[in-house]
Amino acid sequence: MSYLEFFGVLTGLAATWLSARAHIISWPVGIINVLLSFWLYYQVHLYPDMLLQVFFFITNLLGWWRWANPKPGEADTKKQLKVSFMKPAQLTRTILIAGAGTFLLGNFAGRLHEWFPAVFSAPSSFPFADSFIMVMSILATFYMIQKKIECWIIWMLVDLTATVLYYVKGIRFYSLEYLVFTGIVLMGFLHWVKEYRSYSSQQA
């Protein structure tokens, strides 16, 4: 286990724990994790995961701003964005995007070493599983920025897939991290549901 993997895991766990508690500082901690993870994934040839970190860097900035600047009627007692549930149409779109995105990105990732051999010296490992993680992580992050409770269900699928994939790839500490994430994700789901239900009691 390298120092890069070790500190990547620590910052990832901290950011996820803070997100589960709906704490806004989760976003700047997440930025540190993104920078460490980008380099680690490049080293082990998980290219979709590597490219995903660029997206995460941008969305951590966006999420930080969105939570701190809710629109009129969206603020909780801390004057931050309220949690809410998806509408049925959003859920349907999410399922369609997940399937199509995984298929298209998996095919793309499988050919990166052919198209850009100077940058990607080895074939992408498990391109479809890795692409599933990337697509679902993008969707989960988008809904987390909007504080949609279902983001935690999507994260659960991501974390279980990543736990197996990273174990197989030999980055065992990251595999353990994602196994721990699974527990934190469940806690986050329950905490956000509890917070959502508290709004009605505050209005009563």
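Tyr 166 is buried, at 0% relative accessibility; buried here means under 20% relative accessible area, exposed over 50%, and partly exposed in between, with a 1.4 Å probe and protein chains only. I start with this residue and work outwards.

A word on the source. This is a predicted model, where local features need pLDDT of at least 70 and side-chain atom pairs count only at pLDDT 80 or more, while totals for chains, interfaces and linings use all residues. Residues are numbered from 1 along each chain as its sequence is written, and side-chain values use heavy atoms, with hydrogens and water left out.

Now the rings. Rings of Phe, Tyr and Trp, the last by its six-membered ring, pair if their centres lie within 6.5 Å; planes under 30 degrees apart are stacked, over 60 edge-to-face, and the rest tilted. By that rule there are 17 aromatic pairs. One of them joins Tyr 41 and Tyr 166, a tilted pair with 5.7 Å centre to centre and 35° between the planes. Tyr 41 belongs to helix α2 (residues 26–43) and Tyr 166 to helix α7 (residues 151–169), so that the pair links distant parts of the chain, 125 residues apart. Helices are DSSP runs of H or I with at least four residues, numbered from the N terminus. Tyr 41 is buried too, with a relative accessible area of 1%. Phe 55 and Phe 56 make another tilted pair, their ring centres 5.9 Å apart and their planes at 50°. Phe 55 is partly exposed at 25%, whereas Phe 56 is buried at 13%.

Tyr 41 and Tyr 166 also belong to one aromatic cluster together with Tyr 174, Tyr 178 and Phe 181.

Next, the nonpolar core. Such a core is a set of buried Ala, Val, Leu, Ile, Met, Phe, Trp, Tyr and Cys residues joined through side-chain atoms within 4.5 Å. The largest one has 50 residues, and those with the most contacts inside it are Met 144, Trp 152, Trp 155, Tyr 166, Tyr 174 and Trp 192. At least two residues of this core come from each of α1, α2, α3 (47–68), α4 (88–109), α6, α7 and α8 (172–203). α6 gives the largest share, nine residues. Counting contact as heavy atoms within 4.5 Å, and leaving out residues up to four places away in sequence, Trp 155 touches Phe 56, Ser 137, Ala 140, Thr 141, Met 144 and Val 185.

What about α6 itself? Helix α6 (residues 127–145) has 19 residues and reaches 27 Å from first C-alpha to last, close to the 27 Å expected at 1.5 Å a residue. The expected span is 1.5 Å times one less than the number of residues. Of the 19 residues in α6, 14 are buried. Lys 147 follows α6 with a positive phi, near 60°, and lies in the loop between α6 and α7.

Is Lys 147 buried or exposed? Lys 147 is buried, with a relative accessible area of 0%. Beyond residues up to four places away in sequence, Lys 147 touches several others, among them Ala 22, Trp 67, Asp 76, Lys 82 and Trp 192.

Just after α1, Ala 22 takes a positive phi of about 60°. Helix α1 (residues 3–20) has 18 residues, which should span 26 Å, and its end C-alpha atoms are 26 Å apart, in agreement. Its buried residues include Leu 4, Gly 8, Thr 11, Ala 15 and Leu 18.

Now the charges. A charge sits over a ring if NZ of Lys or CZ of Arg is within 6 Å of the ring centre and within 35 degrees of the ring normal. Lys 82 places its charged end over the ring of Tyr 199, 5.1 Å from the centre. Arg 172 does this over the ring of Tyr 167, at 4.1 Å.

How many salt bridges does a search of the whole structure find? The search finds one, with a side-chain nitrogen of Lys or Arg required within 4 Å of a carboxyl oxygen of Asp or Glu. Arg 111 forms a salt bridge with Glu 114, the closest N and O atoms being 3.6 Å apart. Arg 111 is partly exposed at 43%, and Glu 114 is partly exposed at 48%.

Last, Val 44. This residue is in the loop between α2 and α3 and is buried at 16%. Val 44 and Ser 125 are 81 residues apart in sequence, with 8.7 Å from C-alpha to C-alpha.
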